[in-house]
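Me: I have a structure here that I'd like to go through with you. Could you help me read it, one topic after another?

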Amino acid sequence: VRATREVLAKALKSPLGSTDLHLLIKALKKRPDVVHRIGMTPEQLPPLIEKNPDVAYEMLLKLMDTPLIPEYFAVIVKMDMSLHSMDVVNRLTT
């Protein structure tokens with residue numbers, strides 16, 4: 001969990017390299033509860049979408065069946081529209 005938390009911190013600041021990207025996505029697919037355990041919050045979603053949309057998409061998928069998803073959707077709705085935000089929303093709806 002610690003390594004995943006460190007990679008998330010990097011993902012919020014800049015695009016991840018392929019190794020870190022694969023590590024984080026693999027952790028998300030292996031343990032859906034990792035989103036909660038690494039300290040992800042709705043407020044962190046906009047920078048994650050803009051810098052690492054694939055990671056944001058995987059995290060949102062893991063949150064879909066939780067009571068927290070409305071908070072994350074509320075943040076998306078308030079975000080400025082961008083190519084990455086439209087891509088993430090499009091992928092979630094298809």
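Me: Which residues in α5 are buried?
Reply: In α5, the buried residues are P53, V55, A56, Y57, E58, M59, L60 and L63, where buried means under 20% relative accessible area, exposed means over 50%, and partly exposed lies in between (1.4 Å probe, protein chains only). Helices here are DSSP runs of H or I with at least four residues, numbered from the N terminus. Please keep in mind that this is a predicted model, in which local features need pLDDT of at least 70 and side-chain atom pairs count only at pLDDT 80 or more, while totals for chains, interfaces and linings use all residues. Residues are numbered from 1 along each chain as its sequence is written, and side-chain values use heavy atoms, with hydrogens and water left out.

Me: How many of the 11 residues in α5 is that, and what do they pack against?
Reply: Eight of the 11 residues are buried, so α5 is mostly covered. These buried residues pack against α1, α2, α3 (34–37), α4 (45–51), α6 (69–78) and α7, with contact meaning heavy atoms within 4.5 Å.

Me: Switching topic, how many salt bridges are there?
Reply: A search of the whole structure finds five salt bridges, each being a side-chain nitrogen of Lys or Arg within 4 Å of a carboxyl oxygen of Asp or Glu.

Me: Which residue does R91 meet in α5?
Reply: R91 forms a salt bridge with D54, at 2.8 Å from N to O. Because R91 lies in helix α7 (residues 83–93) and D54 in helix α5 (residues 53–63), the pair ties together parts that are 37 residues apart in sequence. R91 is partly exposed at 24% relative accessible area, and D54 is partly exposed at 34%. There is also a network of salt bridges that links D54, D87 and R91.

Me: And what does K10 pair with?
Reply: K10 forms a salt bridge with D20, and their closest N and O atoms are 2.8 Å apart. K10 is in helix α1 (residues 2–11) and D20 in helix α2 (residues 18–30), 10 residues apart.

Me: At what angle do α1 and α2 cross?
Reply: Their axes, which are lines fitted to C-alpha atoms over the stretch in contact, with angles running from 0 to 180 degrees between N-to-C directions, come within 10 Å and cross at roughly 125°. The contact is made by T4, V7, L8, K10 and A11 of α1 together with D20, L23, L24 and A27 of α2.

How values were computed:
Helices (H or I, at least four residues) and strands (E, at least two) are DSSP runs, numbered from the N terminus.
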